[in-house]
Structures are given as C-alpha cells and as structure tokens.
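I opened a notebook page for this structure. The entries below follow the order in which I looked things up.

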Amino acid sequence: MSIWWSLHLRREAASVPLARRLLIGTMETAGVDPDISFDLSVALSEACANAVEHGGDDGSGGPTEAYRVTAYLDGERCRIEVADTGPGFPAAAAGRPQGVARPAPVEAESGRGLCLIRELADHVHIGSAPGRAGAVVSFDKILKWREDAPLVAV
C-alpha cells in the first residue's frame, strides 16, 4: 500500500491544524495505530509551526506566502517533509552534531519544536533546501497497524 499527498499552504497559523487533520484522517483511514498517528501529527504540527513562524523572508527582501507539506505512507513507513522558502538554517548549524536542534532552556516559551520532532520520529533530517533558499525538515517513522486495518501493507 502506498499513499502520498502534497499541500501548498499559506504561511498562516490556520494552516497548521489543516495539515494535521489531513494527516490524522489519512492514517486513520489506512488503519495506522492511533499512538503512531498522534506522534506523527504532533511532529508535523511543530514542523508546520516553524515554517509559519520562520519561513518568511526569501532573501530577496520580500516575504514568502507559502510552504509545502508532503506525506508518504509507503509500506511500513511514513515520511513527512515540510519545506519553506525562507532563509533556511544558518551555515554554522551544518557543523553541529545531529543538525540544528538544541535543547531550549526550561523557562523558554518556544524553541522546543525541532527537539520534539527528533523525539517523536525514528529518523530526522533538518537542513536547507539544496540549490534554493529555504528550510527542509523531513522525518519518518515505522508504522504499526490496527488489527482491523483496511490498507495494511502486505
């Protein structure tokens, strides 16, 4: 079984729950275990919120209006990619182990999104889009299925 979809969303807060609901609906319909669906939906929400908040300046002086979310349920794995056309991650971040995610101070009100994505997914890649401006956050997780799953991979 293979399902994929891609969304081109406005950089508005209202787009985050839209992407999350579509992912949850897709996984529920396919028969993915609800705990796995929840983990991936939280990770997706964090990645989308980062694109909305930080993906706004394309380097040409003008704001960008959109970002892209792509989800693949392919066999036993779900892979999600969120890409914006903002400034991307700083070049200095490339040398940091495990990408750019650093723990936020306990008292911080933000800054935990990338760390949370790393905790919820099996594999995470955080970087800038090759050949263009923008950040790309992609992550995947091995799927578990409900016993009554109608679209379980064979």
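Entry 1, helix α3. I looked up the buried residues of helix α3 (residues 113-120) and found Gly-113, Leu-114, Ile-117 and Leu-120. Seen down the axis of α3, these residues fall within an arc of 125 degrees, so they line one face of the helix. The arc is that of the directions from the helix axis to the C-beta atoms. Buried means under 20% relative accessible area, exposed over 50%, and partly exposed in between, with a 1.4 Å probe and protein chains only. Helices (H or I, at least four residues) and strands (E, at least two) are DSSP runs, numbered from the N terminus.

The model is predicted: local features need pLDDT of at least 70, side-chain atom pairs count only at pLDDT 80 or more, and totals for chains, interfaces and linings use all residues. Residues are numbered from 1 along each chain as its sequence is written, and side-chain values use heavy atoms, with hydrogens and water left out.

I checked what the buried residues of α3 pack against, and noted α2, β4 (123-128) and β5 (135-142). Contact means heavy atoms within 4.5 Å.

I found Ala-47 in helix α2 (residues 34-54). Ala-47 is buried, with a relative accessible area of 3%. Leaving aside neighbours within four places in sequence, I listed Val-82, Ile-117, Val-137 and Phe-139 as contacts of Ala-47.

Entry 5, whole chain. I counted three helices and five strands in the protein chain, in the pattern β-α-α-β-β-α-β-β along the sequence. Of its 154 residues, 41% count as buried.
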